[in-house]
Amino acid sequence: MVLQRDSKVNIWGWADNNETVTITFNGRKYKTKAGEDGKWKVVLAPLKAGGPYTMNIDATNHITLSNILVGDVWFCSGQSNMVHQMDLHKERYANEIAQANFSAIRHFWIPTLTDLKGPKEDLPMGSWKSANPKDVLQFSAVAYFFAKAIYEKYHVPIGLINASVGGTPIEAWTSEEGFKDFPTIISTIEKNKDTAYVNGLNRKASAANANTPQRQQDKGLLAAKRWYDSGYIPKGWHTINIPGYWEDQGIKDLDGAVWYRREIDVPISMIGKPAKIALGRIVDADFLYVNGKLAGNTTYMYPQRRYALPAGVLKPGKNVFVIRVLNNFGKGGFVPDKPYYLSAGSDTIDLKGTWQYKVGEVYTRQGVGGGGGISAQNQPTSLYNAMAAPVNNFTIKGVLWYQGESNINNAAEYDKLLPGLIADWRSKWKQPDLPFLYVQLPNFQEVQYVPSESPWAVLREAQLKTLSVQNTGMAVAIDLGEWNDIHPDRKKEVGDRLALAAMKVAYHDGAVVPSGPLFKAAAIEGNKIVLTFDHVGGGLIANDGEELYRVEIAGADKKFVWATAKIEGDKVVVWSDHITNPMFVRYAWADNPDGANLYNKEGLPASPFRTDH
């Protein structure tokens with residue numbers, strides 16, 4: 001494990017009632033006695049970075065903990081973009097994975113656990129892993145790149161404790177005490193403590209949920225010759241394009257199984273070699289068959305499809321590729337603007353274009369009225385109780401937080417929920433100045449080319465406003481997203497930007513520029529508005545050398561139009577010939593403000609902002 005340097009460190013556990021416990025560590029002995037409840041704790045004197053050390057714990061039994069380092073420990077939490085492991089990004093980061101030989105960077109993964117009744121004291125499982133080419137695949141990608149940047153700068157061991165769960169709201173990570181100003185949430189917490197209430201709701205939901213697809217049987221799997229068999233002769237198939245959703249190509253509102261088929265001519269130069277198939281992303285699940293054999297399967301929509309074909313699967317000339325796609329709701333099919341290809345050796349075949357398709361199964365929906373069941377991991381306090389509370393005693397350097405996508409529907413509340421979480425965790429860890437670093441949500445969804453309202457922008461604004469809380473830092477990621485993927489691939493830049501924030505907030509490095517430009521103030525000067533910024537670094541620039549883009553201006557009516565914006569020294573001057581009495585400015589105010597180009601010379605993007613709030 002890694003213990004926090006330069007701080008008192010708690011070592012705690014359980015024993016028989018009143019049992020004497022002795023800890024020997026780094027040449028010192030610590031002795032305590034378990035209480036009537038069997039709990040015990042000792043506090044180690046502060047240590048400088050170093051190791052490896054061995055700890056001996058003696059009572060009626062003996063425990064030895066070896067290979068302990070002393071350095072900086074970061075608690076990493078949030079939802080799926082903090083979960084996303086290096087393994088899911090191994091194509092982009094193949095070199096970084098191969099070169100991951102950092103025994104002093106270590107990662108402890110806490111499995112998904114929930115508890116609606118109250119804080120737990122212990123974890124049922126978990127283990128520390130060090131960064132090597134095998135184990136680093138299970139590290140959070142964002143956390144790993146953060147740790148690597150900090151380690152290479154300060155050369156101290158870095159411990160990462162990762163407690164994160166995909167698709168979860170901030171409320172699930174906050175303790176009951178953290179909701180003292182949210183009476184409605186407190187009421188929900190109290191109801192959820194009643195197991196009979198929770199089970200009753202879930203039983204009703206299970207019985208009456210109209211949105212549960214009722215599966216029949218897939219014709220493609222019932223035929224005498226299954227539709228993926230190499231000897232199957234297709235009849236009644238139609239044409240369709242990959243990539244694309246079938247609802248956009250003549251199939252209306254179909255949830256079910258759709259089969260795709262195409263004959264691919266493979267040259268002799270690709271034969272006898274291992275091959276790779278990239279199938280972008282598929283909504284929701286898929287089974288890939290090549291020449292009648294199953295070559296890959298993914299059960300949910302988010303991972304990018306990367307399937308390996310052993311040498312010998314492909315044959316010269318015609319090869320039959322069949323993909324069975326299952327979709328439960330919404331649009332089904334192949335996500336646009338992703339890679340689709342077959343490669344072997346130095347040859348690549350494009351898999352985009354016209355395929356054949358046939359519907360194998362249609363899901364029907366039965367029942368009237370829907371159920372309001374409870375998913376424990378989405379309920380207030382549930383993840384804090386089970387995944388954060390058990391490590392509150394563990395002294396840490398700070399927190400890394402990447403979350404917010406699941407709070408888009410209540411984005412206006414996030415400017416209270418995020419500061420509330422920070423205050424709550426500082427209280428629970430008994431570290432009132434605990435550094436808290438977080439990621440501002442990246443760009444996502446379709447690009448809009450007219451000024452419009454945006455819940456994603458509102459949530460980013462809440463994150464920006466949270467910088468008013470002391471000892472916080474924010475990594476702006478507005479240029480790192482993908483319009484068609486809520487899990488963008490570029491995780492290294494996120495980790496690196498979190499590290500810059502840490503260097504300023506937690507390591508007090510006065511020379512570092514921790515962020516891109518952050519809006520500071522606006523002054524109306526005639527028919528123009530002059531903006532000033534913090535963190536201009538070496539100066540403001542348009543990173544593409546073009547005019548500033550994604551700047552809007554409005555009068556008192558707040559009807560925003562695109563503005564002309566010009567950098568003048570460390571300021572930005574904004575105006576429009578259509579607005580004679582300007583009052584307000586917005587920048588990058590959209591779900592996906594593609595082309596937003598205000599940066600500092602250090603290459604860090606400006607945060608989205610508005611002046612009319």
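Keep in mind that the model is predicted.

Domains to begin with. The chain is divided into four parts. Domain 1 takes residues 70-182 plus 380-507. Domain 2 takes 186-212 plus 370-377. Domain 3 covers 219-362, and domain 4 covers 518-610. So much for the layout; let me turn to one pair, domain 1 and domain 2.

Their C-alpha centres sit 28 Å apart. Who takes part in the contact? Domain 1 brings 16 residues and domain 2 brings 10. Together they bury about 1,100 Å². Carbon and sulfur atoms give 58% of that area.

Polar contacts come to four residue pairs between the two domains, with both residues at pLDDT 80 or more. By class, the domain 1 side that touches domain 2 holds eight nonpolar residues, six polar and two charged.

Strand S3 is residues 20-25, and strand S4 is residues 28-33. They pair antiparallel, over six bridges. Two residues lie between the strands of this hairpin. One to look at is Asn 26, where phi is positive, near 55°.

S3 has another partner. Strand S6, residues 50-58, runs antiparallel to S3, and four bridges join them. In S4 the bridge partner of Phe 25 is Arg 28. In S6 the bridge partner of Phe 25 is Met 55. As a reminder, strands of a sheet pair through backbone hydrogen bonds, parallel or antiparallel.

In what order do its three strands run? The order is S13-S21-S16, the sheet is open, and the pairing is antiparallel. S13 and S16 are the edge strands, each pairing on one side only. S16 joins S21, residues 333-334, through two bridges.

Most peptide bonds are trans, and most residues other than glycine have a negative phi. Here are some departures.

Where is the cis bond that involves a proline? It runs from Ile 242 to Pro 243, with omega near 5°. Pro 243 sits in the loop between strand S12, 238-242, and strand S13, 244-245.

Another cis bond joins Val 283 and Asp 284, with omega about 5°. Asp 284 lies in the loop between strand S16, 282-283, and strand S17, 285-290.

Last stop, Gln 445. Its phi is near 80°, a positive value in a residue other than glycine. Gln 445 is in the loop between strand S27, 436-439, and helix H9, 455-465.

That is the tour. Questions, please.

Technical notes:
Residues numbered from 1 in each chain as written. Predicted model: local features only at pLDDT ≥ 70, side-chain atom pairs only at ≥ 80, totals over all residues. Heavy atoms only, no water. Domains from an automatic or database assignment. Contact = heavy atoms within 4.5 Å. Buried area = accessible area lost by both parts, 1.4 Å probe. Polar contact = N/O pair within 3.5 Å; in protein donor to acceptor, adjacent residues only side chain to side chain. Nonpolar A, V, L, I, M, F, W, Y, C, P; charged D, E, K, R; others polar. Pairing = 2+ DSSP bridges.
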